[in-house]
Amino acid sequence: MDQTGTADETGTGTGADAWEWLRDAACAHADPELFFPVGDSGPAAEQVERAKAVCHSCPVESQCLEWALNTGRTSGVWGGTDDEERRRLRRNGRRRVPAPRGRQASGPGGTRRPRGH
């Protein structure tokens, strides 16, 4: 889901079904602002690394990245990537999601509501 709360903008599903993967997102209880730093150096760069750490612990990291690539997300951290990393993936024609990097075998427990990433 984007910052405006818009769902199913790609027509890949209907309503909540298209967002089923978000229920397991590690970011569901994180501050959404963490994933949208202002700037790209100093504190913002540290914020990007913290956001990516949340993503790398997430059981749906690859679905999130695939969604971000398919919908052309150009800002924020999605699926463990920043805007420049996604731009490179698109430029290189890589639509396949990279293998998870050092992620835990299982994501954080508990029931989560879809919220942002």
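Hi everyone, let's begin with a term: a salt bridge is a side-chain nitrogen of Lys or Arg within 4 Å of a carboxyl oxygen of Asp or Glu. The general idea is that side chains of opposite charge can pair when their charged atoms come close.

A quick word on the model before we use that. It is a predicted model, in which local features need pLDDT of at least 70 and side-chain atom pairs count only at pLDDT 80 or more, while totals for chains, interfaces and linings use all residues. Residues are numbered from 1 along each chain as its sequence is written, and side-chain values use heavy atoms, with hydrogens and water left out.

So, how many salt bridges does the rule give? The count comes to seven. One of them joins D82 to K52, and the closest N and O atoms in that pair are 3.4 Å apart. This pair links distant parts of the chain: K52 sits in helix α1 (residues 43-56), D82 sits in the loop between α2 (61-71) and α3 (83-91), and 30 residues separate them. When I say helix, I mean a DSSP run of H or I with at least four residues; strands would be runs of E with at least two, and both are numbered from the N terminus.

Are D82 and K52 buried or exposed? Let me give you the cut-offs: buried means under 20% relative accessible area, exposed means over 50%, and partly exposed is in between, using a 1.4 Å probe and protein chains only. D82 has a relative accessible area of 17%, so D82 is buried. K52 is buried too, at 7%.

What does D82 touch? Contact here means heavy atoms within 4.5 Å. Leaving aside residues up to four places away in sequence, D82 touches V48, K52 and G76.

Now please look at helix α3. E84 forms a salt bridge with R87, where the closest N and O atoms are 3.1 Å apart. R91 has a relative accessible area of 54%, so R91 is exposed. Put together, D83, E84, R87, R88 and R91 are linked in a network of salt bridges.

Rings of Phe, Tyr and Trp (for Trp, its six-membered ring) pair if their centres lie within 6.5 Å; planes under 30 degrees apart count as stacked, over 60 as edge-to-face, and the rest as tilted. A search of the whole structure finds two aromatic pairs. In one, the rings of F36 and W78 have centres 6.0 Å apart and planes at 75 degrees, so this pair is edge-to-face. F36 lies in the segment before α1 and W78 in the loop between α2 and α3, which puts them 42 residues apart in the chain. F36 is buried at 18% relative accessible area, and W78 is buried at 1%.

The other pair is W67 with W78: the ring centres are 5.1 Å apart and the planes are at 45 degrees, so this pair is tilted. W67 belongs to helix α2, 11 residues from W78. F36, W67 and W78 form one aromatic cluster.

That brings us to α2 itself. Which residues of α2 are buried? They are E61, C64, L65, W67, A68, L69 and T71. The cover over these buried residues includes α1 and α3.

Finally, how do α2 and α3 pack? Two packed helices are described by the angle between their axes and the distance between the axes. The axes of α2 and α3 come within 11 Å and cross at roughly 70 degrees. These axes are lines fitted to C-alpha atoms, for helices over the stretch in contact, and the angles run from 0 to 180 degrees between N-to-C directions. The two helices are therefore roughly perpendicular, a label for angles of 65 to 115 degrees. At this crossing, L65, A68 and L69 in α2 meet R86, L89 and R90 in α3.

Methods. Angles under 35 degrees count as roughly parallel, over 145 as roughly antiparallel, 65 to 115 as roughly perpendicular and the rest as oblique.
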